[in-house]
Amino acid sequence: VSVVNRIAAGEIIIGPSNALKEILENSIDAKSTSIEVLVKEGGLKQLQITDNGNGIEKDDLPILCERFTTSKLEKFEDLDSIATYGFRGEALASISHISHLTVTTKTNKSPCAWKCFYSDGKLIPMKPKTSSEPKAVAGKNGTQILVEDLFYNVPSRLRALRSASEEFHKILEVVGKYAIHTGHVGFSCKKFGESYNSLTTRSDLPIKERIRAVYGSAIANELVEIQVLPNEDIGLVQCFAQITNPNYGQKKTTEVFFINNRLVSCDPLKRALNQLYSVFLPKGNKPFLYLALEINAKNVDVNVHPTKREVRFLFEDEIIEYIVSIVQEKLTSLDS
Ligand code: ADP
Ligand code: MG
């Protein structure tokens, strides 16, 4: 059974940056306003996420890493309109099957923090022959998730992963994209043993300043906002975008796409926009684009893939066409 669980877990958690994405989403769901990420060896040795959110009740800790343990689904109909990121209760369970997982958490009602070790979905004793109860420790409100030795029991996956520096780069990319989109949260990310942060944002910075903090002034100074009106007929509730001026050129396109607050890839939209850039941008110039869509939750299917990266939604063609036409209008007006 544990081998099967490990294989299933490896399908959800592909690398350190996937694990991080799941943990960040949990922290955001828990109403945090500050999230700190600490990384050792590209997250393979250690990945530590500290938030100041709601925390987890002591009574919930023994089953925290059992599959399908989620506090986010009240009734089955909720699947139609999922407001929070998580809802399947698979992330922590998966991580516990393929790493050494330590959770330290405190709600504001609890007099102390509770610390737990997990392995293969279960709460385990901290030392042999001690009890597998949460241990009382000092700590602040919020949750700290420590993932150590990711894939220690999946050697093939370890071999397939690239270098620690590439994994760190992917981690920074995930933190950076969430930092841009989730303005009410301040983020930081640093490597273990280094005194400076590789990335920091304060909470409640304006969008351009968040993009500046993550991608630098060269991009931030060239940003133009794109106004997209909602369109109820096709289930487009809201759309917000920032794109660099066509005269700004970078060699590679940077796209930050969020749909219903999830960092996703939407290949058909990407393709359509790329086609547009190739017509409207001077040769060799590639844009930075931040696009946040809110689509009627009833129309979205986020269950296509366990990693929840690729999203399907109703009126996909119509919505893509609509967005492309507005981006095109903007690029035309900036061109003249
Ligand atoms: P899901 O997010 O799908 O519910 P997870 O495995 O990601 O499943 O998390 C399981 C549960 O653990 C969550 O539903 C939540 O109750 C709790 N949890 C996880 N991380 C945090 C956190 N940082 N703060 C508060 N609660 C958390
Ligand atoms: Mg989750």
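Tutor: Across from V37 one finds C189 of strand β8. Please bear in mind that this model is predicted.

Student: How many bridges join β1 to β8, and in which direction do the two strands run?

Tutor: Strand β1 (residues 34–40) and β8 (residues 186–191) run parallel and are joined by 6 bridges.

Student: Which strand runs antiparallel to β1?

Tutor: That is β2 (residues 46–51), joined to β1 by 6 bridges. Here I35 stands opposite D51. The two strands form a hairpin with 5 residues between them, and E41 in the turn has a positive phi of about 50°.

Student: Is β1 mostly covered or mostly open?

Tutor: In general, side chains of a regular strand alternate between the two faces of the sheet. In this case β1 is mostly covered, with 5 of its 7 residues buried.

Student: How does one check the length of helix α5?

Tutor: At 1.5 Å a residue, the 18 residues of α5 (residues 164–181) should span 26 Å, and the end C-alpha atoms are 26 Å apart, so the two agree.

Student: Which residues of α5 are buried?

Tutor: An α-helix has 3.6 residues a turn, so residues three or four places apart point the same way. The buried residues of α5 include F168, I171, L172 and V175.

Student: Where does D149 lie, and what is its phi?

Tutor: D149 lies in the loop between β7 (142–148) and α4 (155–160). Its phi is near 55°, a positive value in a residue other than glycine. D149 is partly exposed, because 15 other C-beta atoms lie within 10 Å, and the cut-off for buried is 20 or more.

Methods:
Residues are numbered from 1 along each chain as its sequence is written. Chains are lettered from A and ligands numbered from 1 in the order in which they are written. This is a predicted model: local features need pLDDT of at least 70, side-chain atom pairs count only at pLDDT 80 or more; totals for chains, interfaces and linings use all residues. Helices (H or I, at least four residues) and strands (E, at least two) are DSSP runs, numbered from the N terminus. The expected span of a helix is 1.5 Å times one less than its number of residues. A residue is buried if 20 or more other C-beta atoms lie within 10 Å of its own, exposed if 12 or fewer, and partly exposed in between; C-beta atoms are placed from the backbone. Two strands pair if DSSP finds at least two bridges between them.
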